[in-house]
Amino acid sequence: MSLVVQNLGKSYPTRSGELVVLRDLDLEMNPGESLAILGPSGSGKSTLLQILGALDRPTSGTFRLRDQEPFSLDDDALARFRNRRIGFVFQDHHLLPQCSVLENVLIPTLADDNVDRPALEARARTLLDRVGLSQRLDHRPAELSGGERQRVAIARSLILQPALLLADEPTGNLDRKTAHAVAELLLELHRQEQTIFIVVTHSVELARMLPKQSEMIDGKLAAWSGAGL
Amino acid sequence: MTFSRLLLRNLSYHWRGNLAVLAGVALGTAVLVGALLVGDSLRGSLRALTLEQLGWVDVALAPGRFFRDELGSKLPAERASSVLLLTGTASTLGSDPLTAAGTNLLGIDAQFGIEGGEFWNSNQAEVAFNGSLAHSLGLKAGDRVRFFVHKEEDIPRETLLGRRKSEEVVQAIEAKIRVVLPDEGMARFALRPGPEPARNAFFPRRFLQEKLDLAGKANLILLGKPAETLDAKLHQAMTLEDWGLSLRTPAQRAQPFFRHLDPRSKGDELKKLRWQGRIPPKLHERIGNDNLLHRKDVVAFYERERNYLSLESQKMFIDPPVVSAVMQAEGKQAARTFIYLADRIAAGKGEAPYAVIAASDLQGMPGSLKNDDIALASYEGTPWKDAKPGEKVVVDYYVPDERNHLAKQSAKFVLKETYPLEGMLDDPDWTPEFRGITDKLSMSDWENPPFPYDAKRVKNEDEKFWERHRTTPRAFIALPRAQELWGSRFGKVTAIRLTGDAKQISSNLLAKLDPAEGGFVFQKVKEQGLRAGSGSTDFGVLFLSFSFFLIVASLLLVGLLVRLNLDRRGKEIGLLLATGWTPGAVRRLLLGEGILLTLLGALIGLGAARLYASAMLRLLALSWPEGAGLSFLKLHATPLSQVIGWASAIVVGVGTMWWANRVLSKLQPRALLMGESTGDAEGGVAGAGAKSWWTMIVSALGAIACVVAGMFAQGHEAKAGSFFGSGFLLLVAFLAFAWRRLKATGRQSDPQPSLTRLGMRNAGRYPVRSILTAGLLASAAFLVVAVQAFHREAGKSFLAKEGGSGGFPLFAESNVPLFQDLNQPATWNDLDLNDEQQKLWARATFWPLRVQPGDDASCLNLYQPLKPRVVGLPKSLIHRGGFGPEVSPLLLLEKEDVDGIPCLVDGNTAQWILKVGVGDVIDVPDEQGQKAKVRVVGLLQESLFQSEVLVAERHFLKLFPRREGFQFLLIEAAPEDVDAVRKSVSSALAQQGWVVRPTLDRLQLYLAVENTYLGTFQILGALGLLLGAVGLAIVLVRGVWERRAELALLRALGFSGGKLSWLVLAENVFLLLLGLGAGCAAAILAVAPHFMGSGAEVLWLRLGLLLGGVLVVGLAAASLAVRASLRSPLLTALRRE
């Protein structure tokens, strides 16, 4: 298995006591597999995604990706882990407005000095070609539509060939048609890149485009009932 | 894409924020480098002024006496010029003349370097004015002008025979203005360079020499590029004439004797009528049948009967160093003589008025006189024929007291023997020549004797004695006793008798005489001027010290701007972190941006520093009291200062960037991506409470230590260090406390919230931002309050006897010394005062003080005083009291157990200019140029004597024995008489150049200088407040922008615009009050030792008004920012949310 999550728990201290968000959550996935996680707001979907993205630490349990336990790493190693193993697509594209499309895709590569820059640039161009933006390489985010910006973000998430591709409401800010196109693109690239792909969404339509869906209930993943949210 | 390209891209994309940071760095650099450039400029300007005013002159010889003008040409230098330099008063002609006191009259030759060619070698009665002098009198070429100068006199005026009446002291010279020279080159010449342009009148030296009866004399030699052998060459070139000495041979003495018998005769023989009864028997024997007295016979008589050499001084008294040198050179061959004019010698039943008494250690004198022994001459008509050895002889005589009153005194002697007046004793040359007395045929012809003289007392016998013996002594006493009774600081020997070859003796003597002991000491005036040009106060450091808080304020602003930029770029940073950038890499990126901004900003600041320094110099010059005193200030920027300033600005700027970016290590990418800012992260940091607690405690303790140290510190640096150190630490302590309160406020939960409390709590939401703003305001407030606290005005007690004026409402100064007592009716008559004026003067009291000219030691003089002006206080003034509460500090001048000469200086002068404290030694060069040890025994507070060093008169006269007269007057007068006295004294003494001014004016002039500095520093404070206001406005606008949705919601919920404004304003008012409060409290505590030490008065009302004004301006600025911010469409923001 490439992704193994066991007994994962996350809670926050509050004035009125401890707030448990994730409770003994288990998950196992292999490369090429994908999962849509649905659930109501505040159910802990995004928290799970942030822990899987090594952006947040669990209160309990373990998480291993390609046999590596990220939370045992020091801060620099953890950053490197995130850089090389994980790709993120956010609901807000979080593109750097001062950078061009191509540059935005290459931003993660700057975190590591020991990379083959020409090769990565070529890969960035390829990825942008694959997301249909080969003609917009020098454009700034402000000159792109919402769908185009999200496609740039998708290309950026894949630039370093991550093992795990995480998407947090990737179509949440898009209209239906664009959302569908972006979802298809994500899935296609996921298949091409053979990543483990987890998407957190409220969108039933997007969830259904993935072969597997789970619902976050009481801090645990449960089989999705297929009902809308 | 590379790291550096991203960095550059970021810089250009976030240009607005970066521009603000750039401006902040540039401002900080400008202030820092500018402060150093102000110091550079002052030093550079003084240096330039020195070089300009001295022109080609490197070295000067001004021994304070007259010497042969040809001496200059014998000295080894590329250029030399002998000058006759006098200081006097220039005056226009007419009934209501304009006068210019302190005018330099320079008798020069062509060598001096003023265009005019042969004119300068002539004796034409014409004068060249420099522009400053012409301007002050409103004169032009062709106009006539009159000068009043001190009349040079051989005999010291403060001796029995000295002439002291005003008409005998002042001489008028009239001339036509030939040309008015522009104030440049040698026309600006000043031996002691100063900011005030010298008022120079240039005469042909010969003209001035003739007018002043100083033919062939000069008193100043100017040398350009002298050789190293200068001292040796001077020693070789000097003659006895340069020392004011003459070694009179018998033949030389015979001539005046012959001339005396018939002053109108120019022939070589005199008829019997002229010599009969007036020559010694042995000379009489040489007269042939023709009954003519031949000049050659007189010479032959002298060479046979009076065959000795007489070393005499033009000043009657031979300087003690000269006496020592002669005694060393000639030993037993030399015999010292001292004569004095007795008012009366009474012995037995007879007495003689105006008789000369002599004392000498010459071998073969009558009796072996010791102690109170006296030997009386016996001659035809002797008044004391019946006096017997062992009987009492009374000698009445006059000696001048400290105010030059001739006080009659008596000495009792015991008659040892009477001796016949013949041979070597029958010799009028025992007494040196004294024009108007010794050259007169009869006593009734004496011209205006300077001593009390009653012609009625002169009997027929006395006239007969004079006719025959003239100045021959009528009595001898022991030399030590004579010197004890009548010796003075001018000398105790009037002649030295020598035998031998005159040339050889002269040569031996000159070899022994050390020129330095006669005041012939070369002054390296250019070197000294340049050294003094380094300034008494390091303005660079002073400006830097006062700019410190402004620099801190600009750095805080930079820090604030960087943090706001970070807040704005939170999501961007979050993304970088989320995509695997380490916090270190992100920090490097942001720090890289910061470093580039700092480098560029510092470079811009370097240019701005020149403008800033120029503005500060202009401000100083414009606000300097008494006109254009500092108009010479020009910008001088040394590369060293610029490099140091620029590098320091970069180091400090980069440090600020590092500090501002250090929050990155605490950031959670998740939180950033969710829209939280760096400010949120800072607000949530746990454990900072303990750190701030320790910061507060340690800073407070450090500040207390500094305050306590400041109360006991003596040195100016230590006091300044204590002030700035305690101020800074107190600010840190207050801000640490404020930080804790802000954080606590930010975490508060209020069940019954109010708008005000909500607003204040908002300040705690972003505590870093808030504390930086408060810090900005606090730094500026500190500077404004501290500077204002130092602002001073003359205290109410100044005019009281215990105050700084000593109870003297008026004082007067002049370059021409006064020798008369202005309290005496005789002087009033001499000055032609009318009855009304005499009554007025009778109600006033005049206290004359002695002055050794030197450098002004007060803050008015930007040069470092290398040779401070010294004032001698008479004993009567010292015991009069005043200048301090209870026991007068003046009494300290009479302390005996002091290692050195006790002196008093003003506290401000001691602290800021001379940089000494009680117990320290000030090097004061004495008359020979030797450094005398003058020890500070006390300090005067807020006194009128800030320009000088005060010593007791007796010590003054030891230091400067040849200095004569009084050049400073303290005038006591009833308040209702003050104006009238001022007017009357100014008018009566105008010719002598006396300028009478209120003492309060002098103090206010000093205070005005201090307040000029403080005003300039207050501008720095105002700039700081401006920065604070900018910071506050930025925080306010940013806060509103960030909370636009929140505010929109509140409006949607029915909050009025006014309430929303107050919500926002409350936060800013809170920060404003916090900053101002912290700054004021820190300033008041830091300046406390200053006030406890000096008793100065705090101008509370002024301070209160100033702070009130700052608060109002701050509130107004905040209100405007709120109004502008709330005009944005908030509901749009709400919909967007």
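Student: How many residues does the contact take from chain B and from chain A?
Tutor: This is a predicted model, in which local features need pLDDT of at least 70, side-chain atom pairs count only at pLDDT 80 or more, and totals for chains, interfaces and linings use all residues. Residues are numbered from 1 along each chain as its sequence is written, and side-chain values use heavy atoms, without hydrogens and water. With contact meaning heavy atoms within 4.5 Å, the count is 26 residues from chain B and 26 residues from chain A.

Student: What area is buried between chain B and chain A?
Tutor: Buried area is the accessible area (1.4 Å probe) that two parts lose on being put together, summed over both. Carbon and sulfur atoms give 63% of the total, which is about 2,300 Å².

Student: Which residues of chain B lose the most area to chain A?
Tutor: Together they account for 27% of what that side buries. They are B:Met1, B:Leu575 and B:Arg670.

Student: Which residue of chain A meets B:Arg9 in a salt bridge?
Tutor: A salt bridge needs a side-chain nitrogen of Lys or Arg within 4 Å of a carboxyl oxygen of Asp or Glu. Across the interface of chain B and chain A there are 2 salt bridges. For B:Arg9 the N to O distance is 2.2 Å, and the partner is A:Glu103.

Student: What is the handedness of the crossing of helix 17 of chain B and helix 18 of chain B?
Tutor: A crossing is left-handed if the near helix is turned anticlockwise from the far one by less than a right angle, and right-handed if clockwise. For helix 17 of chain B and helix 18 of chain B, the crossing is right-handed.

Key:
Chains lettered and ligands numbered in written order. Helix = DSSP H or I, 4+ residues; strand = E, 2+ residues; numbered from the N terminus.
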